[in-house]
Amino acid sequence: MRQQLTEDNQQTEHSLEKLMSLVASAMSDPSRVAILCALMDGRAWTATELGAVASVAASTTSGHLARLLSSGLIVCLTQGRHRYYSLAGHHIAGLLENLMGVSIQPRTASPSRTPGHLRYARTCYDHLAGELAVKIYRFMLQEKWLEPAGSSLTAVGRAQFDALGAVLHPESRRKACCACLDWSERRFHLGGDAGHALMTRFLQKGWLARVPGYREVSVTAEGVRAMRQLFRVDPP
C-alpha cells in the first residue's frame, strides 16, 4: 500500500511538472507574450486587434490564440458573429505581473527601464497599478484603512469605501483584499476585490481615463484634485 501511494504521488508530481511546462511553453513566444500583455488591460480584444499588437498575420494570430486557449491562459467570448479574447482570470494577470517583475529586475543598480507613462499609472487587469497606486496603498496603511499586511480592510477602510461609493462584493470568490507587488515600483499596491472596486469607482467618477488600446491610464483634472484631497497624492 505504501509503495502504491508513493508511485501515485510520483505520477501526480510528474503530471504537474508536465502541465507547468506546457504553460511555460505557451508563454515562450514573444508574439504570444505581446498578446497576453495587451489583454492585461482587463478588456476583451478581437483577433484582428491582437494580431496588430503582436505585428503578425491573421493566420499566425489564429495559431497563437489557439495555443493560449489550450493552455488555459485566455478565454474566448462569442457575441453573434464576433469573437473576443480575454485573460482567463485575475490569477493569470497576477502570473504575468510577477513575470514582468522578474524580467525587468535590474542586474545592477540602475534606473528603471519601465516607460514613464506605464510606470505612473496603468491597469493591472482590473485594478490600478504603478506609482500612483503604490502611493494610494501607502496612504491607506498610514490612515488605518487596511490591516498591516494589506490582507483586509479595517472598519475605517470599509466606511471610507462606502463614503466613496466603491462597491465591494462580499460573495466574490477572489480575495477580498490583498497586497499586490507592483513590478515597476517594487512595492505594493491594492489588489483583490477592494482594488477592483476602487479602480471601478475612479473610472465612474471620471478621475481616471483609459488610453484606448493600452494599459496606460491618465489622471484627469478632476482626478488630480480628488487624489490630492482623498489620498494626499499630487499627480504630475
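Modeller: Helices (H or I, at least four residues) and strands (E, at least two) are DSSP runs, numbered from the N terminus. The model is predicted, so local features need pLDDT of at least 70 and side-chain atom pairs pLDDT 80 or more, while totals for chains, interfaces and linings use all residues. Residues are numbered from 1 along each chain as its sequence is written, and side-chain values use heavy atoms, without hydrogens or water.

Start with the second largest pocket. Its volume is about 330 Å³. It has 18 lining residues, and the closest to its centre are His90, Gly94, His127, Cys178 and Cys180. A pocket is an open set of 1 Å grid points over the protein atoms alone, with protein on both sides within 12 Å along at least five of seven lines; lining residues have an atom within 4 Å of a point. Volume is the space filled by probe spheres set on the points, which are joined across faces, edges and corners.

Helix H5 (90–103) and strand S5 (178–181) each give at least two residues to this lining. H5 supplies the largest share, six residues. By class, the pocket lining has seven nonpolar, seven polar and four charged residues. Here Ala, Val, Leu, Ile, Met, Phe, Trp, Tyr, Cys and Pro are nonpolar, Asp, Glu, Lys and Arg charged, and the others, Gly among them, polar.

The whole structure holds one cavity of 30 Å³ or more. In a cavity, a 1.4 Å probe fits but cannot get out. The largest cavity has a volume of about 80 Å³. Leu128, Ala133, Ile136, His189, Leu190, Gly195, Leu198, Met199 and Phe202 line it. Helix H7 (131–142), strand S6 (188–191) and helix H9 (192–204) each contribute two or more of these residues. H9 gives the most, four residues. The cavity lining has seven nonpolar residues, two polar and no charged.

Cys178 and Cys180 are among the residues closest to the pocket centre. The whole structure has zero disulfides (cysteine sulfur pairs within 2.5 Å). Two other cysteines have accessibility values. Cysteine 37 counts as partly exposed because its relative accessibility is 26%. Cysteine 76 is partly exposed too, at 25%. Partly exposed runs between buried, under 20% relative accessible area, and exposed, over 50% (1.4 Å probe, protein chains only).
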